[in-house]
Amino acid sequence: MAKNLRSRISPSDSLIVCDTDANITAKFVQELSATDKLDIQVAKCASELAQKSETIICSLPGPESVKLVFEAITAERILPRSVPERLFIDCSTIDLTTSHDVARAIVSSGWGQFVDAPMSGGVVGAQTASLTFMFGASGSPQLVNRVTSVLLLMGKKAWHLGDQGAGLSGKLANNYLLAISNIATAEAMNMGIKCGLDPKLLSEMINSSTGRCWSSAVNNPVPGVIETAPACRNYEGGFGIHLMKKDLKLATAVAQEFQAPLTLAEKALEIYNQTEKLHKGKDFSVVYQYIANQSV
C-alpha cells in the first residue's frame with residue numbers, strides 16, 4: 001500500500017513511514033530508493049509522523065494497537081497547524097467503540113478529521129492497488145471527496161457507507177460472510193475431490209456456476225488450483241487465521257449489540273480455533289487441510 005502511495009502521489013510530496021519494526025521500514029526505503037529518488041522519510045514514532053503530515057494512514061492488527069498509536073499522537077498537546085486540515089484515516093479492522101472513542105479524541109481536540117476505512121482484497125489487492133475500501137466519514141462532501149481520492153491511490157473502489165463507524169460495520173458484515181464462505185468452499189472442494197473429481201476442473205465448474213465466491217475463485221484453499229493463492233505456497237502469507245478469528249469475534253459483538261442473529265458464527269469460530277491449533281500462523285484457507293483430514 002505504501003509503495004502504491006509513493007508511486008501515485010506527486011513527486012514533490014513526501015512519504016513518511018513508521019513501523020514498530022525498524023527492519024521493515026529500512027527494507028522499504030532501500031527497495032524504493034533503488035528504483036527512484038522520490039522523498040521517503042522514516043519517523044521514529046507515530047506522534048512524529050503526525051506532526052509532519054497532512055494525511056495520516058494507519059493499518060494496524062487490532063484495537064489495542066490503534067489505542068496505543070492514537071494515545072501517543074493525542075499526548076502531544078499541540079500539533080502544528082495543517083492546511084488542508086489534518087486527516088486521519090484508520091484502515092484497521094477494530095471494534096466500533098474503540099473507533100468512536102479515537103474519533104472523538106481527535107475531533108474534539110481540534111487535531112483534524114478522523115475516518116474509519118477498513119479494506120478488503122488481501123495481500124494481492126494491496127500489491128496491485130485493487131483493494132476495496134469501505135469508509136465512514138462524518139462531515140462535508142468535500143471531506144468525502146478528499147478521503148475517496150486518497151483511498152483510490154491504493155485501491156480500485158472506495159465506498160462511503162455513512163457517518164464515522166459505518167465503514168467498520170460494513171467490513172465486519174463482509175468478513176463474517178468471508179469466514180463462512182471460506183469454510184463452505186473448503187467443504188465443497190473436499191467433497192468433490194473425495195468423489196473422485198479433478199480439483200482444477202471442479203474449481204472451474206464452481207466458478208462458472210452459482211457457487212462462485214472469492215474463496216473459490218481467488219483464494220481457493222486446495223493446493224495446485226489457483227497458482228497465486230496461499231494454498232500454493234504452503235498457506236504462507238495471506239490473511240492469518242488469528243485475524244479471521246478476531247474479525248469473527250468483532251462481528252459477533254456488533255451483531256449482539258444490534259440484535260442481529262449470526263447463527264453460523266459460533267460453529268465457524270470453533271472450526272477456526274481447531275484449525276489454528278494444527279496450522280498456527282497460516283492463511284485462513286488452511287481450514288481446508290483441517291476439514292480434509294476429518295473423519296465422518
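Q: Which residues does S47 touch, skipping those up to four places away in sequence?
A: In this predicted model, S47 touches A72, I73 and E76 once residues up to four places away are left out.

Q: And where does S47 lie?
A: S47 lies in helix 3, which covers residues 46-52.

Q: Is S47 buried or exposed?
A: Buried: its relative accessibility is 9%, and the cut-off for buried is under 20%.

Q: New topic, helix 8 and helix 9. At what angle do the axes cross?
A: Roughly 130°, and the axes come within 10 Å. Helix 8 is residues 166-194 and helix 9 is residues 199-206.

Q: What do you call that arrangement of helix 8 and helix 9?
A: Oblique, because angles between 115 and 145 degrees fall in that class. The crossing is right-handed.

Q: Which residues make the contact?
A: From helix 8, A188, M189, G192 and I193; from helix 9, P199, L202, S203 and I206. By class, that contact has 6 nonpolar, 2 polar and no charged residues.

Q: OK, on to the largest nonpolar core. Which residues touch the most other members?
A: F70, F88 and Y272, in a core of 53 residues. Helix 8 gives the most to this core, with 9 residues.

Q: What is Y272 in contact with, leaving aside neighbours within four places in sequence?
A: Y272 is in contact with A179, N182, I183, I241, M244, K245, L248, F284 and V287.

Q: How many residues are in the second, separate core?
A: That one has 25 residues, including I9, I40, C91 and A137.

Key
Residues numbered from 1 in each chain as written. Predicted model: local features only at pLDDT ≥ 70, side-chain atom pairs only at ≥ 80, totals over all residues. Heavy atoms only, no water. Helix = DSSP H or I, 4+ residues; strand = E, 2+ residues; numbered from the N terminus. Buried < 20%, exposed > 50% of the residue type's maximum accessible area, 1.4 Å probe, protein only. Contact = heavy atoms within 4.5 Å. Axes fitted to C-alpha atoms, helices over the stretch in contact; angles between N-to-C directions. Parallel < 35°, antiparallel > 145°, perpendicular 65-115°, else oblique. Left-handed = near helix turned anticlockwise from the far one by under 90°. Nonpolar A, V, L, I, M, F, W, Y, C, P; charged D, E, K, R; others polar. Core = buried A, V, L, I, M, F, W, Y, C linked by side-chain atoms within 4.5 Å.
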